[in-house]
Amino acid sequence: MNSAPEIDDAFLDRVRLREPEAVAQTVREHARPLFRAARAMGFSPTEAEDLVQDVFVTFLEKVAGFEGRSLLRTWLFGVLHRKCMERRRAAIVESHLDPIDEVFEARFDTKGSWIRPPQDLERLLLSKELGQAIDGCSAGLAASQREAFVLREVEGLDTPEICKILGVSVTNLGVLLFRARARLRECLEASGLGRK
Amino acid sequence: MISCRNIARLVLSDQIDSQTWLKRMEIRMHLLMCRLCSRLFRQNKDLGEAVKRIPDSAPEDLEERLIARLSR
């Protein structure tokens with residue numbers, strides 16, 4: 001998992017004084033991951049950039065009372081998540097029923113053995129078409145599933161940090177990741193790109 | 001005996017590490033013996049590695065644009 005360094009008080013003081021180099025360093029370290037998360041939430045590149053700017057503006061406004069002990073990365077992702085939700089006027093309500101659950105169950109017999117086993121996607125995972133295939137397939141995921149998947153796989157955050165950012169329980173995060181991956185797999189398998 | 005369905009569920013939801021030691025041993029044994037679950041397990045890791053390599057759509061000068069706007 002990626003570990004972000006905890007920031008020290010001296011650095012925070014420099015940000016509080018709006019020292020250009022300290023502000024620039026914060027932006028350089030965090031802008032790109034935040035942008036990727038906003039894109040995962042379904043916002044266009046322009047909207048994502050706007051949201052990321054908004055996060056930094058909020059950070060500069062609140063930095064006076066910011067607790068250096070908490071991880072800056074977690075805090076910034078958390079602010080971004082709430083801003084994305086406000087714009088979407090939505091909250092993470094992972095429904096009890098999602099069609100992907102049935103699709104997944106149908107791959108097994110009553111004893112729980114594979115009826116429709118996982119296809120060999122090795123070739124696709126190494127191919128140039130993978131980016132395009134994942135882009136296409138991730139469109140079928142709910143925004144919260146995409147966000148959880150990106151925070152885990154692209155940013156490499158661990159379970160407690162993602163739960164804190166999204167405001168969900170460990171169980172809920174498991175459901176989000178399960179549905180994201182099950183759906184991606186179904187779609188990648190259906191694309192036929194992995195077949196030899 | 002743990003079923004393939006349960007293994008697949010644990011793999012896709014990242015719940016293997018949070019299982020008890022005994023359960024993790026059972027899962028490991030299953031993965032050693034079951035070619036299909038082992039494929040799912042391996043590809044789940046490979047998919048994670050693969051998505052990291054996909055270039056993001058952020059403009060190259062994203063950071064510099066933000067810094068310029070924030071310093072106004």
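Author: A term to begin with. Helices here are DSSP runs of H or I with at least four residues, strands are E runs of at least two, and both are numbered from the N terminus. Also, this is a predicted model.
Reader: OK. How many helices and strands does chain A have?
Author: Chain A has 10 helices and 0 strands. From the N terminus on, its elements run α-α-α-α-α-α-α-α-α-α.
Reader: And what share of chain A counts as buried?
Author: Of its 196 residues, 52%. Buried means under 20% relative accessible area.
Reader: What about contacts in chain A between residues at least 6 apart in sequence? How many join residues at least 24 apart?
Author: 70% of those contacts do.
Reader: Let's go to the start of the chain. At what angle do helix 1 and helix 2 of chain A cross?
Author: Roughly 110 degrees, and their axes come within 7 Å. Angles of 65 to 115 degrees count as roughly perpendicular. That makes helix 1 of chain A roughly perpendicular to helix 2 of chain A.
Reader: Which residues meet there?
Author: Helix 1 of chain A brings A:F11, A:R14 and A:V15. Helix 2 of chain A brings A:E21, A:A22, A:Q25 and A:T26. By class, the contact has 3 nonpolar, 2 polar and 2 charged residues.
Reader: Where does helix 2 of chain A meet chain B?
Author: At helix 4 of chain B. The two axes come within 9 Å and cross at roughly 125 degrees. The pair is therefore oblique, and the crossing is right-handed.
Reader: Which residues are in that contact?
Author: From helix 2 of chain A, A:A24, A:V27, A:R28, A:A31, A:R32 and A:F35. From helix 4 of chain B, B:L62, B:E63, B:E64, B:L66, B:I67 and B:L70. The contact has 8 nonpolar, no polar and 4 charged residues.
Reader: New topic. Which residues of helix 7 of chain A are buried?
Author: A:L130, A:G131, A:A133, A:I134, A:C137 and A:S138. Seen down the axis of helix 7, they fall within an arc of 165 degrees, so they line one face of the helix.
Reader: Why would residues a few places apart point the same way?
Author: An α-helix has 3.6 residues a turn, so residues three or four places apart do that.
Reader: And what is on the face of helix 7 turned away from the buried side?
Author: The exposed residues A:Q132 and A:D135.
Reader: What covers the buried residues of helix 7, then?
Author: The cover includes helix 6, helix 8 and helix 10 of chain A, together with helix 3 of chain B.

Note on methods:
Residues are numbered from 1 along each chain as its sequence is written. Chains are lettered from A and ligands numbered from 1 in the order in which they are written. This is a predicted model: local features need pLDDT of at least 70, side-chain atom pairs count only at pLDDT 80 or more; totals for chains, interfaces and linings use all residues. Side-chain values use heavy atoms; hydrogens and water are left out. Axes are lines fitted to C-alpha atoms, for helices over the stretch in contact, and angles run from 0 to 180 degrees between N-to-C directions. Angles under 35 degrees count as roughly parallel, over 145 as roughly antiparallel, 65 to 115 as roughly perpendicular and the rest as oblique. A crossing is left-handed if the near helix is turned anticlockwise from the far one by less than a right angle, and right-handed if clockwise. Contact means heavy atoms within 4.5 Å. Ala, Val, Leu, Ile, Met, Phe, Trp, Tyr, Cys and Pro count as nonpolar, Asp, Glu, Lys and Arg as charged, and the others, Gly among them, as polar. Buried means under 20% relative accessible area, exposed over 50%, partly exposed in between (1.4 Å probe, protein chains only). The arc is that of the directions from the helix axis to the C-beta atoms.
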